[in-house]
Amino acid sequence: MKLAIHYTNTKGYFSKRWIEYCEINNIPFKIVNCHSNDIVDNLKDCDGLLWHFSHAHHIDYQIGIKLIASLEAANKKVVPNLNSCWHFDDKVAQKYLLEAIEAPLIKSWVFYSEKEALQWMRNTSFPKVFKLKGGAGSANVKLVKNSSHARKLINKSFNTGFRQFNRKELFIYELKKWKAKKSKAKDVSIAFLKMFKKSTYEKVKGKDNGYVYFQEFLPNNDFDIRIVVIGQKAFGIKRMSRSNDFRASGSGNIIYEKNQIDERCIRIAFDVVSKLNTNCLTFDFLYDIKKEPLIAEISYGFFQDAYDYCPGYWDDQLKWHVGKFNPQGWMIEDLINNII
């Protein structure tokens, strides 16, 4: 048995830990380049592939899901598997998927007609939450307080469209971090320049237009619960909202204590994973006015360093296990169990 690992030399990606785990545990592996023309041929002597592909890399965007689907068609085992990632960075796809399996999703609306969107707008209440399909760290999420704001967003959605990243907002966020001495002046300068120059990814993907997506706004949520399920194990964190903001993703203000994690969220996450047959899935939960947890978004990926301080994890029977753990090692173990 041999595994293949696509190596990415960027902070936060899984590949370095995958390699370290294989070396420590004497698991045969080789480094591959999933961007290469002959990747399929290079994988012929391997039983499984581990690839932490990005939501914002122009090549990953173009081939990631397609390659994984092709490999699974040839009975190769992959992390993430197709069930975990075909909806990655696509909130509209997640809406359809979670509705189809009757998972507790926050009420959501998507329209492909400006006329229908405007008609809905005139008959709904506000506030609502506007989102683009893609984007991490809440960068493409807006609170829509009234119909006037909604009308502007709908008009833009079906005409000029939106850049893949809200560069102005990201610049302001970076500037605030620098003023709070949590960022470097260089990072602020880079964020400023990106307002005027598109990344390769933005050029390849183009603008977001031709649809509009809203979610119900759930008041009185000053945090969200993030749950990650890998195989039959799960761990979680509580993310506090940003200062004077309704969004928690990207705040960096994290609570790790076990008693701060609602086990109802873990139960829901395991139930969804069981229905979808995923090998790595991440959930963001908020609460409705009845204090019931609802899913806001799902993803296969997460920024690994943020979870190193978790004090333990749950198994699929909701039994708590105290101590440090290695999620990337779990991914390899789960992959091997599916191979043999």
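Against which strands and which helix do the buried residues of α1 pack? The model is predicted, so that local features are reported at pLDDT of at least 70 and side-chain atom pairs at pLDDT 80 or more, whereas totals for chains, interfaces and linings use all residues. Residues are numbered from 1 along each chain as its sequence is written, and side-chain values use heavy atoms, with hydrogens and water left out.

The buried residues of α1 pack against β1 (3-6), β2 (29-32), β3 (48-50), β4 (77-79) and α12 (327-339), where contact denotes heavy atoms within 4.5 Å. Helices (H or I, at least four residues) and strands (E, at least two) are DSSP runs numbered from the N terminus. In α1, which spans residues 15-24, the buried positions are Ser 15, Arg 17, Trp 18, Ile 19, Tyr 21 and Cys 22; buried denotes under 20% relative accessible area, exposed over 50%, and partly exposed in between, with a 1.4 Å probe and protein chains only. Just after this helix, Asn 26 adopts a positive phi of about 55°.

The strands β2-β1-β3-β4, in that order, form an open sheet of four with parallel pairing; two strands pair if DSSP finds at least two bridges between them. Because β2 and β4 stand at the edges with a single partner strand each, one side of each is left without a neighbour in the sheet. From one strand to the next, the twist averages 20°. Four bridges join β1 and β2 in the parallel sense; Ile 5 has Ile 31 of β2 as its bridge partner, and His 6 has Val 32 of β2. Within β1, Leu 3 and Ile 5 point one way and Ala 4 and His 6 the other, and all are buried. In a regular strand the side chains alternate between the two faces of the sheet. Helix α1 lies across β1, β2, β3 and β4 and runs at about 150° to β1, while α12 lies across β1, β3 and β4 at about 165° to β4. Axes are lines fitted to C-alpha atoms, for helices over the stretch in contact, and angles run from 0 to 180 degrees between N-to-C directions.

A further open sheet contains four strands in the order β5-β8-β6-β7, with antiparallel pairing. Its edge strands, β5 (108-111) and β7 (141-144), each pair on one side only, and the twist averages 25° from one strand to the next. Strands β6 (residues 128-131) and β8 (residues 212-216) pair in the antiparallel sense over four bridges, with Lys 128 opposite Glu 216 in β8. Helix α5 lies across β5, β6 and β8, running at about 125° to β5. Helix α6 also packs on the sheet, where it touches β5, β6 and β8, and its direction makes about 145° with that of β5.

Helix α6 (residues 114-122) packs with helix α7 (residues 147-157) at an angle of about 170°, their axes being 10 Å apart. The two helices are therefore roughly antiparallel to each other, a term applied to angles over 145 degrees, with those under 35 counted as roughly parallel, 65 to 115 as roughly perpendicular and the rest as oblique. In this contact, Glu 114, Ala 117, Leu 118 and Met 121 of α6 meet Ser 147, Ala 150, Arg 151, Ile 154 and Asn 155 of α7.

Strand β9 has eight of its eight residues buried. Phe 223, Ile 225, Ile 227 and Val 229 lie on one side of β9, and Asp 224, Arg 226, Val 228 and Ile 230 on the other. Eight bridges pair β9 with β10 in the antiparallel sense, Ile 225 having Lys 238 of β10 as its bridge partner. The hairpin of these strands has two residues between them, and Gly 231 takes a positive phi near 65°. Strand β9 also pairs with β12 in the antiparallel sense, over five bridges, and Val 228 has Thr 282 of β12 as its bridge partner.

The largest nonpolar core comprises 28 residues, of which Ile 227, Val 272, Phe 283 and Ile 295 touch the most other members. Such a core is a set of buried Ala, Val, Leu, Ile, Met, Phe, Trp, Tyr and Cys residues joined through side-chain atoms within 4.5 Å. Its largest share, eight residues, comes from α11. A second, separate core of 27 residues includes Ile 237, Phe 302, Trp 330 and Ile 332.
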